Amino acid sequence: MKLKNYFSLTLIVLMSGCVFAQTSVSGIVTDAVTGSPLIGASVIITGTNTGTATDFDGNFSLDSNIALPWALKISYAGYAPQTIEISASQKDLKIKLPKIL
């Protein structure tokens with residue numbers, strides 16, 4: 001009986017990994033005119049507290065248990081923010097933010 005319970009518990013734990021699988025999206029945020037990386041740009045899944053900031057090269061990587069599609073809001077001081085819809089086929093993004101004049 002104990003072996004059966006152990007097997008059932010193991011199966012439940014393994015199956016929960018499938019249900020709560022993480023989705024990853026990565027990309028780069030740059031200036032729309034110069035192509036320079038935007039360091040510290042905010043990248044947030046709309047309607048959540050899940051987000052990140054771009055690194056020194058403008059790169060970001062975001063993992064979440066939220067099922068796709070997502071809407072990402074990208075913002076940076078002095079630039080027009082963008083909201084981008086992300087689907088399962090989009091994993092490596094190239095986002096160009098225009099300066100606010």
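**View 1. Pairing of strands β2 and β5 around Ile45 and Leu72.** Ile45 has Leu72 as its bridge partner in β5, in a model that is predicted. The two strands concerned, β2 and β5, pair in the antiparallel sense, and four bridges connect them. Strands of a sheet pair through backbone hydrogen bonds, in either a parallel or an antiparallel arrangement.

**View 2. The surroundings of Leu72.** When neighbours within four places in sequence are left aside, Leu72 is in contact with Val25, Val43, Ile44, Ile45, Thr46, Leu62, Gln82, Thr83, Ile84, Ile86 and Leu93.

**View 3. The largest nonpolar core.** This core has 17 residues, and those with the most contacts inside it are Val29, Leu72, Ile74 and Ile95. At least two residues of the core are supplied by each of the strands β1 (23-31), β2 (42-45), β4 (59-64), β5 (70-75), β6 (82-86) and β7 (92-97). In soluble globular proteins, nonpolar side chains tend to be buried together.

**View 4. The hairpin of β5 and β6.** Strands β5 and β6 pair in the antiparallel sense over five bridges, and within this pairing Lys73 stands opposite Thr83 in β6. The two strands form a hairpin with six residues between them, and in the turn Gly78 has a positive phi of about 90 degrees.

**View 5. The open sheet of β4, β1 and β7.** Three strands in the order β4-β1-β7 make up an open sheet with mixed pairing. Its edge strands are β4 and β7, each of which pairs on one side only, and neighbouring strands of the sheet are turned by 30 degrees against each other on average, direction ignored. Strands β1 and β7 run parallel and are joined by six bridges. Val29 has Ile95 as its bridge partner in β7, and both Val29 and Ile95 are among the residues with the most contacts inside the largest nonpolar core.

How values were computed:
Residues are numbered from 1 along each chain as its sequence is written. This is a predicted model: local features need pLDDT of at least 70, side-chain atom pairs count only at pLDDT 80 or more; totals for chains, interfaces and linings use all residues. Side-chain values use heavy atoms; hydrogens and water are left out. A nonpolar core is a set of buried Ala, Val, Leu, Ile, Met, Phe, Trp, Tyr and Cys residues joined through side-chain atoms within 4.5 Å. Buried means under 20% relative accessible area, exposed over 50%, partly exposed in between (1.4 Å probe, protein chains only). Contact means heavy atoms within 4.5 Å. Two strands pair if DSSP finds at least two bridges between them. Axes are lines fitted to C-alpha atoms, for helices over the stretch in contact, and angles run from 0 to 180 degrees between N-to-C directions.
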